[in-house]
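Good morning, everyone, and thank you for making the time.

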Amino acid sequence: MTNVIEISRAGRDKACVVALHCSLGSGRQWKALADQLGRSHPFFAPDISGYGANGCALDLPLTLAEEIRAISGTLNDAEGPIHLVGHSYGGAIAFKLATCSPFAHRLRSLTLIEPVLPTLLCESEADRRLHARFAQVARDVSEDIWNGSVLEAIDMFTEFWNGSGPQDPLPEGARLRMIERAHKLAFDFTAAFAEENVAAAAASLRIPTLLFSGGLSPYVTQRIVQRLGSIVDCAEVQHLPAAGHMLPLTHAASVNSAIARHIARADELANVPLAVEAAMTASVGLGLRSD
């Protein structure tokens with residue numbers, strides 16, 4: 001299902017924005033981004049399978065490819081070119097969508113905010129230690145969930161993602177929503193760790209790409225962003241030293257303004273060949289030589 005903040009259905013020839021939320025979140029995470037973009041682009045923020053209004057899914061995805069199939073209805077509704085945005089686990093899905101999916105050819109730009117792509121960290125000894133630590137967190141959280149210790153699983157999960165940021169207690173309402181959807185975390189971890197050949201896929205990207213990381217986030221996702229920035233051709237990397245993993249919410253003004261500029265630049269680049277072609281056609285029609 002699509003918990004969409006849909007800005008406009010007018011102008012179907014325009015590129016649209018599709019934004020994918022983090023684990024235990026929902027499409028409503030992106031309301032501020034939708035407001036930032038105004039009416040310039042149709043905006044779709046689907047609830048990932050297992051979350052939000054899509055929480056009753058019976059066959060939960062075990063791979064990122066299955067996650068994409070689960071939101072394919074929304075992606076088909078989002079006609080025309082796509083500006084894709086993803087945060088955390090939603091960033092992992094967005095990466096898969098951009099590099100290996102039936103929708104990849106429609107992408108005009110890509111924004112990844114600390115995507116959870118841990119297998120990218122299996123090439124060096126130092127990075128493998130980060131991968132191993134994150135894998136242990138995933139095992140411990142999943143084990144608590146399957147054993148019925150959901151409160152412990154949520155506490156462990158949130159403590160890890162707080163990184164070196166302030167350990168503020170969760171609001172009671174948010175905690176209850178997390179408990180209701182906690183079982184999906186085990187599936188998210190399984191899908192993220194099942195993704196292989198991430199470096200080769202990243203090297204194949206040829207669309208404008210914007211990457212974000214926060215200085216208070218767990219170092220595993222900071223390092224994933226660093227590695228992607230070194231692999232993806234001409235990627236722009238923005239590091240917010242005072243932000244944590246939830247930077248799309250805690251630092252929405254800075255993040256959303258940067259995303260809006262990134263989308264505008266990508267639209268301009270996409271229109272350049274059309275402008276050049278139109279000018280050349282006009283020159284031919286006037287009997288002018290281009291040389």
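Let me start with the surface: the protein chain has an accessible surface of about 13300 Å², and carbon and sulfur atoms account for 56% of that area. Please keep in mind that what you see is a predicted model. The chain has 291 residues, of which 50% count as buried, and its secondary structure consists of 12 helices and 6 strands.

Rolling a probe the size of a water molecule over the atoms shows where empty space is left. Searching the whole structure in this way gives 2 cavities of 30 Å³ or more.

The largest cavity holds about 80 Å³ of space, and its lining is made up of 8 nonpolar residues, 2 polar ones and 1 charged one. Which helix gives the most to this lining? That is H8, with 4 residues, while helix H6, spanning 150–162, and helix H8, spanning 183–194, each supply at least two. Among the lining residues you will find Ser-23, Tyr-89, Phe-157, Trp-161, Asp-188 and Phe-189.

The second largest cavity contains about 30 Å³ of space. Gln-29, Trp-30, Ala-32 and Leu-33 line this cavity, together with Pro-248 and Asn-256, and by class that lining comprises 4 nonpolar and 2 polar residues, with no charged residues.

Key
Residues numbered from 1 in each chain as written. Predicted model: local features only at pLDDT ≥ 70, side-chain atom pairs only at ≥ 80, totals over all residues. Heavy atoms only, no water. Buried < 20%, exposed > 50% of the residue type's maximum accessible area, 1.4 Å probe, protein only. Areas by Shrake-Rupley, 256 points an atom, 1.4 Å probe, with all protein chains shown as cover. 1 Å grid on protein atoms, 1.4 Å probe; cavity = no way out; pocket = protein on both sides within 12 Å on 5 of 7 lines; lining within 4 Å. Points joined across faces, edges and corners; volume = space filled by probe spheres on them. Nonpolar A, V, L, I, M, F, W, Y, C, P; charged D, E, K, R; others polar.
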